[in-house]
Amino acid sequence: MTSAERDMLDSLAMGYDQLTGTATPATLELDVIPLPRHAVALPEPVTWNGRIVCVSSGLEERAELFQSELKCFSQLDSEIASLPVRPGDLVLEVDASIRGYRLDVDGANVRLRAGSQDELSFGTSTVLQLLTPGNPRLAGMSVADEADSSYRGVMLDLGRSPHTKATLKQMILLCKFYKLNYLHLHLSDTELDSFASEAYPELTTPGATLSRNDWIELEDFSGRCGVTLLPELDFPGHSQLFLSRLPQLRCDPPHPNTICVSRPESFQVIETLLAEICGVFRRTPYVHIGADEAELDGWKQCAFCREEMRRHGWDDPRELYRNFIVRLNAIVKSHGKRTIVWEGFAPEGRVEIPRDITVMVFESLYHLPGDLTAAGYDVINTSWQPLYLEGTEIHWPICHIFNWHKYRWENWFEQSAAHPSGLEVPPTPRILGAGLCSWGVPDRDEIRLLHFRMSALAERLWNPDSRNFRHYQRRLGALYQRVENQYLNLNEERKHEDE
């Protein structure tokens, strides 16, 4: 590593002297991010013979991707071979009784077993990081590893900045490499709708909207990587683009950025769009409907909304907002999925918000995370600090993410309950995990700004006992150049092979 590269990694430690916590290394220290939770040394190494053997059926596509990763990242050729297993084989197996994945290098074989195909994909990332370039030898070890958090994600803002299919594939690969299991796609906002609706082609922005076939390709690719694409269409606020192109969504008189939640036509459009979304993004258990920062005052003047409030006996437009969430939740559930919303609805209200809705809490302003979990809601931490990026200028040091944990919220905003000293809630399984949120970042800057932050978030959500920043920094220093210069070019390598 050059002195310039070391200086760059040292810059990640800005504020390191203020960090708390002590190092709790694994029994066997591995140069892997995230650090495996349990690893012990075994006496006999294995020199891998280049054969990948799938013991379980249905693993062919995952094995082919792994084969390409090994060639691109580790410069090792391989073949996908058939049974029986021979000495020196790398064996892949799915065993539903296993939680997470298990890696055994026992002198005879390299055996990777996991409870699901997705967990197996994350296990292959561990093997990939353990192999040094051009060297098929692995030290003897037994690794028993699983994530602490079920939701480990990163969000891209496709509603403000067009993104290419190539960048999205690179982001999927980064998620796989660091075992982040959700890539959250904020598909619509005031400027853009990046989802290609067949029912409403007028929403398409030329040059900025990927085709339906593009999204199907990305969905299939992410599935082979073990990464789930989480789609979001943001309603009822942040809807200037929808309102400009679909007049049937407008209030009377029109509001510039919030749709009418009392016209039947609004729900017809949204139901159609959500059906299209669910038809493309088949793997996701969730659909995100936005529901943040809606400007409700316009509904007080809207003839449709005033009539709706009169019919229900409501005098507060916040009941319209709550009712909107309830109705969209029913639509999402009709497709066999669960609803996610941004923090926005208040604890009090006549219309009950169902407890099967998951809330991404970012501001700690409208409904506090501890109150949400106590009321029976699942929560995903998307704390403004240190998990937000806004454009290319506003973001927090990597060590801030490393020192943070999923039960803590912070905010610079003076009205937030998390300002100035932070807000922590007692550990609870209702905090599912956390997600980085990259708002308004141009396509060309995503990898540069997110790579290190994704690795730090992965470390924190996978293994909360890993608290040695210098150890993490050393592991990152050993990996990052190969990731950016070789691994993220995987798709180019595969394209040339196909040609």
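Visitor: What should I know before I start?

Guide: The model is predicted, so local features need pLDDT of at least 70, side-chain atom pairs count only at pLDDT 80 or more, and totals for chains, interfaces and linings use all residues. Residues are numbered from 1 along each chain as its sequence is written, and side-chain values use heavy atoms, with hydrogens and water left out.

Visitor: How do I read two packed helices?

Guide: Two packed helices are described by the angle between their axes and the distance between the axes. Helices here are DSSP runs of H or I with at least four residues, strands are E runs of at least two, and both are numbered from the N terminus. Axes are lines fitted to C-alpha atoms, for helices over the stretch in contact, and angles run from 0 to 180 degrees between N-to-C directions. Take helix 2 (residues 60-74) and helix 3 (residues 117-130): their axes come within 11 Å and cross at roughly 20°.

Visitor: What do we call the arrangement of helix 2 and helix 3?

Guide: Angles under 35 degrees count as roughly parallel, over 145 as roughly antiparallel, 65 to 115 as roughly perpendicular and the rest as oblique. Helix 2 and helix 3 are therefore roughly parallel to each other. The crossing of helix 2 over helix 3 is right-handed. A crossing is right-handed if the near helix is turned clockwise from the far one by less than a right angle, and left-handed if anticlockwise.

Visitor: Which residues make the contact of helix 2 with helix 3?

Guide: Contact means heavy atoms within 4.5 Å. Helix 2 supplies R62, F66, E69, L70, F73 and S74. Helix 3 supplies Q117, D118, S121, T124, V127, L128 and Q129. By class, the contact residues are five nonpolar, five polar and three charged. Ala, Val, Leu, Ile, Met, Phe, Trp, Tyr, Cys and Pro count as nonpolar, Asp, Glu, Lys and Arg as charged, and the others, Gly among them, as polar.

Visitor: Where do I see another angle?

Guide: Look at helix 9 (residues 303-312) and helix 10 (residues 317-334). Their axes come within 10 Å and cross at roughly 90°. That makes helix 9 roughly perpendicular to helix 10. C305, E308 and M309 of helix 9 meet P317, L320 and N323 of helix 10. Four of these contact residues are nonpolar, one is polar and one is charged.

Visitor: How do I check the length of a helix?

Guide: The expected span is 1.5 Å times one less than the number of residues. Helix 2 has 15 residues and should span 21 Å; its end C-alpha atoms are 20 Å apart, which agrees.

Visitor: Which residues of helix 2 are buried?

Guide: Buried means under 20% relative accessible area, exposed over 50%, partly exposed in between (1.4 Å probe, protein chains only). In helix 2 the buried residues are R62, A63, L65, F66, S68, E69, L70, C72, F73 and S74.

Visitor: Is T126 buried or exposed?

Guide: T126 sits in helix 3. At 0% relative accessibility, T126 counts as buried. Leaving aside neighbours within four places in sequence, T126 contacts V32, Y101, L103 and K179.

Visitor: What is phi like at K179?

Guide: K179 is not a glycine, yet its phi is positive, near 65°. K179 lies in the loop between helix 4 (165-177) and strand 11 (182-186). K179 is buried, at 0% relative accessibility. S364 also is not a glycine and has a positive phi of about 50°. Its place is the loop between strand 15 (358-361) and helix 11 (369-374). Q75, which follows helix 2, has a positive phi near 55°.

Visitor: Where are the cis peptide bonds you can show me?

Guide: One runs from L83 to P84, with omega near 10°. P84 is in the loop between strand 4 (79-81) and strand 5 (90-94). Another runs from F235 to P236, with omega near 0°. P236 is in the loop between strand 12 (228-235) and helix 6 (240-245).

Visitor: How far apart are G226 and L120 in sequence and in space?

Guide: They are 106 residues apart in sequence and 8.1 Å apart in space, C-alpha to C-alpha. G226 lies in the loop between helix 5 (212-225) and strand 12. G226 is buried, with a relative accessible area of 2%. Not counting residues up to four places away, G226 touches R62, D118, S121, F122, N181 and R283.
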